[in-house]
Amino acid sequence: MLEVKGVNSFYGKAHVLNDMNFEVAAGTVVALLGRNGAGKTTTMKSIMQMVRPRSGSIIYKGHDITTWPSHKVARNGLGYVPEERRIFTQLTVLENLEVGRQPPRDGCTTWTDEMVFDLFPNLAERRNNRGKALSGGEQQMLTIARTLMGNPAFILLDEPSEGIAPVIVEQMARVILQLKSEGLTVLLSEQNLHFAQAVADGVVIIEHGTQKFVGTLSDLQAQPDIRDQYLSV
Amino acid sequence: MGLFIAQILTGLANAGALFMVASGLSLIFGVTRVVNFAHGSFYMLGAYVGYSLMQVLPGMVGFWGAILLAGIIVGLIGVIVEICVLRPVYSAPELFQLVATFGVILVIQDLALMIWGPQDLLGPRAPGLKGVIRIMGEPVPQYDIALIVITPFVAFALWYLITKTRIGTLVRAATQDREMVSALGVNQAWLFTGVFFLGCALAGLGGALQLPKGGADLLMDFTILGSVFVVVVIGGMGSLPGAYLAAVIISVLNVFGVTYAPQSTLVLMFLVMVVVLMFRPFGLLGKEEVAGEHGQVGEPERPIKPAGNRIRLLVAAGLLILGLLPLYSGNFAVVLVTDILIFCLFAASLHFMLGQGGLVSFGHAAFFGGGAYAAALFVTYADTPMELALVLAPICAGLAAIVIGWVCLRSTGVYFAMLTLAFGQLLWSLAFQWGDVTGGDDGLVNIWPSDWASDNSVYYYIAFFLCTGGILLLRQAAHAPFGYAMRAARDSARQAEAMGINTKRIQLVAFTFAGIMAGLAGGLFVFSKGSIFPNELETARSFDALIVVFLGGVKTLSGGWVGAAFFEGIKDYLTRFEYWRFALGLSIIVVVILGPEGIVGSLRKAGERFGLLKVPEDAK
């Protein structure tokens with residue numbers, strides 16, 4: 001469904017991603033693992049064309065999307081959930097969902113406000129609150145809910161478990177599995193191996209912008225030395 | 001009591017157009033982060049277009065239809081400007097966008113001159129609303145009442161659009177995080193264009209609505225710009241209720257000012273603004289602007305290095321040619337080059353704080369004109385000799401800079417720029433309205449050099465030494481540790497603070513130093529001309545300096561004086577053409593889009609390409 005082929009990305013003169021190559025098959029969950037600053041977010045932004053790769057290409061459903069503007073990428077069913085909980089703090093929960101809303105897409109669930117509230121009951125009670133009044137966990141839920149409103153076929157989840165309470169982390173894991181069961185493809189980035197183990201089928205490990213391992217979760221579990229070398233467990 | 005109420009009503013009526021223009025500006029800034037200087041021009045276009053439409057559309061329906069159509073047409077002109085001029089420069093630093101919109105002002109000014117001619121147009125009165133009604137015996141024009149009623153409706157419609165519709169939700173979301181809105185599938189480019197249409201249409205509407213009260217003339221664009229900035233800043237950037245509140249405050253204040261203190265109407269407005277910003281730095285209803293921590297967009301600026309031997313040789317040769325000028329050329333050239341030198345020092349002083357300190361000031365003419373007026377006042381009232389006046393001019397300008405800088409530097413970015421503009425306007429209004437002391441519009445005359453310096457060649461040498469000395473001193477400061485601290489405060493104020501640099505103090509010193517140098521240029525100016533008029537304090541004068549700094553090259557060390565020399569050199573030739581503003585505006589826009597490095601930057605690039613200059617290691 002998504003192929004990342006020989007992607008190199010830069011911030012100014014700093015070479016941040018070095019020849020990334022991996023695939024995400026339809027209906028699977030792939031975890032992008034690595035420490036802080038390894039290049040996980042840049043990989044996601046390169047896929048979304050929020051950072052333009054200087055070389056290489058991103059193939060999504062057979063289209064080379066490398067030169068597309070971000071909004072066109074999003075309109076073709078790639079939903080991005082940013083890491084810094086970039087919700088619109090001045091807007092209410094309902095208005096945040098409105099910004100994410102897109103027309104229905106063939107073969108994808110058409111989400112409504114009520115459906116995302118079923119998925120995240122906490123948000124339902126706070127639908128008329130402004131974004132800035134939400135807790136960290138609720139904000140994280142809202143970023144996911146907002147992206148779902150675009151009826152994506154594929155979502156990019158940037159560190160969904162970062163900085164939120166353990167109870168909510170568990171809820172996140174359940175949500176991801178539920179989305180997968182509904183046919184969504186997921187690429188998520190994580191520092192937390194335990195969380196990844198709970199949801200992922202495939203794993204990509206990156207360090208210093210270079211990928212060090214690509215395989216299934218069971219491949220990784222069979223090689224504890226790699227796990228210990230690149231991930232803080 | 002009747003008079004009191006009548007005046008409040010007049011103020012409320014005047015607030016209408018002001019609110020519409022200000023809310024448009026505020027809206028555009030909120031989403032695109034562009035301070036649209038050309039907004040006053042769209043207001044002016046609204047008046048002209050409305051005037052022409054009213055000539056052909058008859059009756060009451062025609063009148064109101066013309067106003068509505070004028071708004072739409074001006075909105076569409078705004079769309080053209082957005083697509084052709086602003087789209088290419090959205091990712092450029094703020095200053096580039098400002099300069100681009102300034103180019104638009106010049107183009108529109110000459111277009112209006114071409115189409116509607118130089119004479120002021122008297123606006124037609126509204127059919128059916130030509131009379132007055134008496135309120136407690138005082139006459140109030142019916143049209144005023146109509147405006148008082150219409151404005152809240154426009155404000156309400158706007159409020160509804162922004163808070164209750166999907167478009168409005170997207171606009172508000174984009175105001176906060178454009179990149180994220182785009183990642184959610186919204187085409188930013190069209191959102192920007194839409195907002196620009198709305199903002200410009202509001203300005204056009206405002207211009208057409210005030211026709212029966214004020215007519216149309218070619219000065220409207222700048223006249224309203226000052227008040228609009230004041231309104232937006234007092235109300236708070238991006239706040240619609242704030243814009244309405246501030247428009248009412250300013251308009252009512254103006255009406256009372258005209259009655260009770262006609263000498264101080266202009267000053268009053270800016271004083272209110274300063275007071276508000278002292279207590280609420282982001283306006284009455286505004287929110288804190290979160291300045292980006294990303295620094296400047298585009299290629300990183302090169303470190304500043306001392307000039308190489310070749311450049312030094314070139315400069316020495318240039319100085320020699322200038323130094324011997326009176327020996328081989330006529331009086332005309334000597335006077336012209338004196339003017340050029342003075343303008344170079346003025347521009348270099350602005351360039352110093354703008355390029356090195358990142359302090360974009362819209363009111364630098366305050367110190368140029370301030371220095372000039374200080375010298376002229378000392379000569380007129382205290383018979384001060386030229387030598388002493390030339391010392392007092394920079395000192396007075398420096399003192400003014402300390403006070404103005406202290407207030408302005410409490411804000412940053414756009415608010416800083418607007419505050420400097422307001423202070424510039426404040427000084428201009430003082431000179432303009434305090435006729436007893438400053439001579440008002442007639443200025444101060446008979447300010448001539450001492451006898452020994454009265455010969456043009458002798459005065460040329462005075463200007464030559466002081467100006468080149470001043471420019472070299474500014475350059476020296478950029479190379480000194482002080483210059484390092486300025487650049488640190490410019491590029492990352494927080495990190496500079498964390499390293500123990502008192503950024504605010506550094507900026508205040510830089511601001512003051514730039515003020516002193518501008519004051520020196522002003523002092524030299526007044527003795528070379530023998531007179532001084534308020535237009536040397538005008539915002540247009542500040543913009544002259546901004547434009548030459550920009551054309552010369554912001555990110556270079558010598559851009560200021562090079563741009564000034566080039567511009568002042570060709571100005572005499574250029575202004576002989578009837579539509580020179582059009583040509584200048586267009587060239588500014590082209591430079592912004594195609595050659596943002598300016599003259600010096602482009603020369604440097606060319607020099608490096610042809611192997612005349614070495615490319616520094618870190619720029620390869």
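**Ground rules.** I am working with a predicted model, where local features need pLDDT of at least 70, side-chain atom pairs count only at pLDDT 80 or more, and totals for chains, interfaces and linings use all residues. Residues are numbered from 1 along each chain as its sequence is written, chains are lettered from A and ligands numbered from 1 in the order written, and side-chain values use heavy atoms, without hydrogens and water.

**Entry 1: the interface.** I looked up contacts (heavy atoms within 4.5 Å). In chain B, 20 residues touch 24 residues of chain A. The two chains bury about 2000 Å² between them, 54% of it on carbon and sulfur atoms. Buried area is the accessible area (1.4 Å probe) lost on putting two parts together, summed over both. I noted that Q176(B), M180(B) and L184(B) supply 30% of what chain B buries against chain A, more than any other three residues.

**Entry 2: salt bridges.** I found 4 across this interface. The rule wants a side-chain nitrogen of Lys or Arg within 4 Å of a carboxyl oxygen of Asp or Glu. R172(B) pairs with E95(A) in a salt bridge, with the closest N and O atoms 2.8 Å apart.

**Entry 3: a helix pair.** Helices here are DSSP runs (H or I, at least four residues), numbered from the N terminus. I checked α20 (456–479) and α21 (481–491) of chain B: their axes come within 4 Å and cross at roughly 70 degrees. Axes are lines fitted to C-alpha atoms over the stretch in contact, with angles from 0 to 180 degrees between N-to-C directions. So α20(B) is roughly perpendicular to α21(B) (65 to 115 degrees).

Key
Helices (H or I, at least four residues) and strands (E, at least two) are DSSP runs, numbered from the N terminus. Angles under 35 degrees count as roughly parallel, over 145 as roughly antiparallel, 65 to 115 as roughly perpendicular and the rest as oblique.
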